[in-house]
Amino acid sequence: MTSNINSLEFGILNPEMVRQMATIRIVTSDLYDADGYPVDGGVMDSRMGVIDPGMRCRTCGGNIDQCKGHFGYLELAKPVVHVLFIKVVYSLIKCTCQKCGRILTKSEKIGLEKLAKNIPAKCPYCDAQQKKVVFIKPYTFNLGKDEFDSEKVREMFEKIPDEDLKKIKFRGGRPEWLVLTLLPVSPVNTRPSITLETGERSEDDLTHKLVDIVRINQSLRENIDIGAPEFIINDLWELVQYHVSTLFDNELTGIPQARHRSGRPLRGMIQRLKGKEGRIRGNLLGKRVNFSARTVISPDPMLSVNEVGVPEEVASELTIPEHVTPLNIEVVKNMILTGKVNYVLRPDGRKIKVTDDNRNDLIRLIDKGWIIERKLKDGDVVLFNRQPSLHKVSIMAHYAVVMPYKTFRMNPSVCPPYNADFDGDEMNLHALQTQEARTEASLLMDVKHNIISPKFGGSLVGLDLDQVTGIYMLTKNGVEFTPEEAADMLASAGIDAELPNKKKITGKDLASIPIPKEINMKFKANICRQCAKCVGEDCKNEGMVVIKKGQLISGVLDKTAIGAFKGKIINKINTLGDDEQLKNFIDVMGRLGTAYLMKRGLTIGISDIDLSKSVMNDIQKDIQDAVSKANKLISKYNEGSIRALPGMTAKESLEAQMLNTLAGGLNEVSKIVVKNISYSDIIAMTESGAKGSNINTTQMAACVGSETILGERIQRGYMGRTLPHFEVGDLSAASHGFVARGFKEGLLPYEFFWNLMNGREGLMDKSLRTRKSGYMQRRLINSLQDLKVFDDMTVRGSNGEIIQFFAGEDGIDPSKSDWGKLEWQNYITVG
Amino acid sequence: MMKLPEKIEQQVEEFAKEKKMTPDKKKKLHEEVMTAYKMMLYSPEEAIGIIAAQSLSEPATQMTMRTYHFAGTAGIQVTLGLPRILEIFDAKKEPETPAMTIYIDKKHQTEPKVTHIAEMIKEVKLKDVVTTSIMDVINMVVKFRLNDEKIKRLEIDIKKVSSKIKIKNIEIGVQGKDLVVTSKKENINIHKLRYKILESHVSGIKNISQVIIQKDEFDEWVIHTLGSNLKKVCEIEGVDGTRTTTNNIFEIKEVFGIEAARNAIIKEAMHTIEEQGLGVDIRYVMLLADIMTFNEKIMGIGRYGIAGHKHSIIARASFEETKKHLIDAAVKGLKDDLSGSVENIIMNKVAPMGTGSFTLIGSLPKVPSEIKKEYEKIEKEMTKRREEVEAERLKVLEEQKQAEKVAEEPKAELLTEEPKTEKQKEEKAAKKTEKKAKVGEKTKKEPKTRIAKKKPATEKAKKSASSETKKKKK
């Protein structure tokens with residue numbers, strides 16, 4: 001059943017309408033009779049819909065799938081105010097003449113709330129003096145000192161003329177409808193009851209609430225009929241008001257929440273709608289889906305970046321529907337025989353599971369017009385996702401490759417967009433069910449179309465970690481192979497290419513294989529040491545990369561050339577405009593890096609960060625220098641002669657200067673370490689930008705430096721001191737978080753403690769940050785989600801309001817640009 | 001005809017000049033650059049808003065929560081990182097750490113002159129110029145000795161100082177170099193009074209608590225302040241009002257207008273993001289700044305800003321304050337024309353963006369008659385099945401109606417309600433009033449505790465009654 005909704009109108013429910021849309025009137029608070037059948041006239045009446053499979057609706061005759069439910073209604077003995085509208089009711093009472101029932105203004109078009117804030121003392125129509133209206137939360141009104149009950153409110157509202165309502169923009173209906181005389185009772189299937197294992201029935205919260213209302217309402221009516229004392233009637237009346245109010249909203253301020261027998265607050269209608277798990281955000285905007293799978297991910301560099309390895313077990317559960325046509329009927333029959341089909345659908349919509357027993361029968365039966373649900377196979381387009389899905393590249397389309405074992409396999413080069421690693425991360429996979437979805441996915445969401453990030457115009461997909469190290473080591477000068485070795489390596493990497501006709505094949509030759517012939521580049525590599533005088537191509541560190549006609553002439557390829565986020569060559573190839581070519585470049589480079597690294601081997605050990613004795617002495621001296629400088633500051637401070645920095649107390653200036661001195665010391669140490677450390681695989685990793693930095697090396701080899709909490713030296717602990725190891729009032733570097741040793745040498749117990757404190761702060765900061773930025777993302781998305789670029793390049797919202805006259809001011813889409821710019825020199829042939 | 005962006009146009013012109021190109025060649029160059037530019041343009045219907053929001057918030061997860069120094073070592077501490085980004089996007093009226101960068105015009109570019117301006121700007125309270133103060137508890141008099149030098153440098157005298165103290169119920173006099181304050185009221189805490197007087201504003205600009213003079217990278221004297229008051233600072237002589245800025249966006253809007261505020265938002269947001277070493281394209285920040293200011297006032301991104309002022313009711317209700325928006329729409333009788341993305345998702349339609357805003361026009365290629373027949377056959381089968389289902393439903397309905405007709409009488413009785421004899425009615429009513437009296441008592445306390453508890457008592461009574469009547473009928 002499909003229907004097209006073009007617009008939604010909101011309004012207040014007319015009691016007449018309530019009566020018309022209802023099929024029955026509720027007359028009893030009983031739910032079931034002795035036999036367990038719904039009582040006629042009760043709130044579970046079977047004429048209001050079906051909730052049990054096998055039963056039929058007595059209004060429309062439909063079964064559980066066909067019947068959409070029917071309303072009932074309850075006649076209230078006395079009217080009650082609709083709490084959700086209580087503020088409107090209050091304003092209306094204030095704005096209505098207590099004598100003639102006109103709105104207390106002669107001006108045209110004034111907001112109700114605006115008028116309510118400033119009401120005249122006398123009616124402009126009949127000159128009647130207006131008494132003060134008092135609103136007692138949550139739903140009682142007093143007029144002067146007298147109570148102003150719902151009946152009187154209703155009478156008052158009935159007198160308001162229609163033309164006055166237009167003035168205050170009250171267009172949703174008549175105001176007296178805000179005071180309920182008839183209560184619509186929602187269909188049974190909006191509040192299904194659950195049958196417990198014991199056979200007991202557990203009713204929905206709304207049913208409980210309705211039962212309460214019906215019961216109290218009945219006794220109220222009876223009491224009115226027998227002429228019971230007024231206080232009893234008023235008490236019951238208020239009870240009805242309470243129950244009706246909590247039916248609508250059970251989180252009203254000023255009254256206690258209605259509770260279930262277990263003490264759990266009941267869920268009112270508003271509670272059903274609102275919040276994260278409410279109807280709107282939980283069921284309408286987000287849905288649970290079928291045809292999805294989730295498991296742990298692990299790397300496989302032999303896959304292409306836009307492929308995903310799917311375990312056989314997953315592939316045999318996920319299905320894709322396919323129509324049986326004259327063209328494929330024989331193939332389909334074969335598929336059913338070989339067990340590649342899970343279900344077949346007959347033209348009448350009935351679904352049959354394919355089993356060993358019925359396989360042969362189905363082959364005979366199957367005909368054009370049937371639909372088969374076949375298992376996932378190689379080459380199917382699937383969506384691959386890792387949560388949190390922070391940006392659009394958190395869900396991309398991959399091509400399935402069915403594989404043994406139980407994890408999803410992916411190329412490590414696509415880790416950056418998903419922000420995934422393989423320390424136990426799980427990812428989700430969705431099998432697409434319609435041809436339209438599959439086409440859009442492969443044209444728009446394929447990894448190869450999303451290599452350039454719209455965020456900053458650089459590459460998101462690129463070589464990562466060991467792949468970078470591998471290529472870096474391969475392209476260094478002096479790496480040479482015999483043609484046999486080279487061919488062997490290329491074969492193991494699955495690269496099909498022609499080798500240059502040379503006796504000795506260099507690593508640079510191999511790394512040039514995937515680079516397209518059109519590429520001519522010259523740029524500084526990551527290892528560039530920013531020398532004062534750049535010698536260009538002759539750089540002995542190989543810091544200047546030169547590529548001519550796709551041939552790497554000099555320099556090493558590292559993070560700046562091929563890495564994710566930075567890769568300059570990736571961006572350059574992107575300007576050629578062929579996504580397939582770009583994807584192949586990343587694939588082949590990645591495999592080449594891995595293959596070389598496997599051939600060469602990569603190893604790190606403690607001795608990698610050994611420094612000679614004299615260097616260690618220098619380092620010790622530097623640390624001592626920094627500490628003694630710090631000590632001088634302390635003695636200055638103790639003398640009171642420290643120069644206070646502007647806007648700071650003496651203590652604050654001391655702390656600021658201490659941090660600076662110690663950081664300066666560490667910086668000196670770092671310089672010495674970087675200068676003197678012998679080349680090893682660790683250095684190769686930091687140099688190439690694969691992983692780690694000079695600070696990491698320094699901290700391992702020489703000195704960890706100052707640990708900070710909230711940007712300050714460590715101050716907390718005991719009174720006057722941080723730990724019992726120190727004297728009270730000790731201001732020295734060591735007692736406030738300075739770690740003078742490196743990780744290799746080992747930390748002193750208290751130094752270890754400083755390190756842990758810093759680590760804990762990081763954890764706390766992270767958890768707070770994710771929450772804050774998560775909410776910010778929700779708000780940002782909600783603010784901007786309707787903006788789109790129109791054909792005339794204006795940016796407009798859903799209402800047609802123009803936000804920008806020319807998208808991004810120059811119309812350039814960062815995801816199609818070079819780092820957000822038009823590098824036009826790359827595109828010209830003239831000159 | 002589309003034009004190249006100005007900057008690129010210029011570059012291309014220069015390039016052509018440099019290479020001494022002939023007009024023909026130049027035209028070709030132009031065309032080539034133009035094609036490259038056209039390839040880079042946004043595709044129509046691109047959901048630029050979502051991409052902007054994601055591009056801005058994804059790096060926010062990597063931001064620190066800390067505050068950092070402003071400029072070098074002796075700088076002013078300014079909020080940065082995630083808190084600052086939130087501040088800007090939320091359009092907070094006042095930043096946590098308001099700060100200004102004051103530029104000085106060419107005439108005043110010497111250290112003493114700049115120092116003088118800085119002193120004029122900095123807020124001076126009485127306590128800053130007082131050397132000693134004496135309290136006479138008996139006569140309720142407080143005497144303040146002022147620092148002459150400091151006062152002179154601020155270009156004020158003792159009389160002016162006395163006129164600046166604005167506290168009720170006191171008398172201020174001048175005795176030589178002393179400021180004498182007498183309380184008009186008796187029984188006043190003189191310590192408190194003294195403290196109050198010391199806190200009163202004497203000179204400078206209010207709220208500017210710190211000033212730091214520095215030379216910037218262009219060897220120019222610049223004053224950094226903590227605290228902000230753009231309007232008053234710009235009025236001071238020697239201040240270059242054309243370049244002086246503040247990080248308080250609302251102040252910029254007040255002084256320079258909404259376009260300046262938009263630029264300030266872009267500048268501040270980009271500064272914060274870049275300071276964290278994160279790269280985000282400036283176009284997204286511009287888009288956000290544009291939507292924040294397009295309504296001629298600065299709107300934040302939250303429920304009191306853009307998200308809460310959307311025209312679609314459903315979009316607003318799905319964000320926050322569901323109840324408020326739905327009720328408001330009902331009273332005003334509003335209509336939602338379902339033009340945005342959320343609305344369409346809720347209605348199970350494709351959002352009108354990207355490929356979702358296009359439909360296929362035209363006819364499919366003709367289907368061979370053979371296949372057409374096949375499909376017709378299938379269609380027939382399907383309709384037959386549908387008809388069967390419908391017929392079954394109607395049949396069941398009819399059967400039920402029949403069954404109900406047979407059992408009409410008891411049902412009618414139920415609906416008309418209270419068909420009981422007068423005796424029964426009286427009895428019941430008597431019982432009820434008894435109970436009601438109890439219930440009435442309970443109701444006053446009851447809602448606070450448990451309402452469900454009451455149920456068994458009344459329900460049981462009724463159940464037994466109704467089941468009795470039913471049995472009779474049977």
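Mentor: On a 1 Å grid over the protein atoms alone, a pocket is an open set of points where a 1.4 Å probe fits, with protein on both sides within 12 Å along at least five of seven lines, and its lining residues have an atom within 4 Å of a point. The model is predicted, so local features need pLDDT of at least 70 and side-chain atom pairs count only at pLDDT 80 or more, while totals for chains, interfaces and linings use all residues. Residues are numbered from 1 along each chain as its sequence is written, chains are lettered from A and ligands numbered from 1 in the order in which they are written, and side-chain values use heavy atoms, leaving out hydrogens and water.

The second largest pocket is lined by 46 residues, and those nearest its centre are F10(A), F71(A), M269(A), L273(A) and L326(B). Its volume is about 1900 Å³, the space filled by probe spheres set on grid points that are joined across faces, edges and corners. Helices (H or I, at least four residues) and strands (E, at least two) are DSSP runs, numbered from the N terminus. Elements that each supply at least two lining residues include β1, α1 and α8 of chain A, as well as α14 and α15 of chain B. The most comes from β7(A), with 5 residues.

Chain B has 20 helices and 13 strands. Of its 474 residues, 43% are buried, where buried means under 20% relative accessible area, exposed over 50% and partly exposed in between (1.4 Å probe, protein chains only). In α11(B), which spans residues 249-256, the buried residues include I249(B) and F250(B). Contact means heavy atoms within 4.5 Å; the cover over the buried residues of α11(B) includes α4, α10, β12 and α12 of chain B. After α11(B) comes G257(B), with a positive phi near 100°.

In chain A, all 5 of the 5 residues of β16(A), residues 381-385, are buried. V381(A), L383(A) and N385(A) lie on one side of β16(A), and V382(A) and F384(A) on the other. In a regular strand the side chains alternate between the two faces of the sheet. Two strands pair if DSSP finds at least two bridges between them. β16(A) pairs with β17(A) in the antiparallel sense over 5 bridges, V382(A) having H398(A) as its bridge partner.

Finally, the cysteines. A disulfide is a pair of cysteine sulfur atoms within 2.5 Å, and the count over all chains is 0. C97(A) is in no disulfide, its nearest cysteine sulfur being that of C126(A), 3.5 Å away. C97(A) is also buried, with a relative accessible area of 1%. The sulfur of C539(A) is too far for a bond, because the closest cysteine sulfur, in C531(A), is 5.7 Å away.
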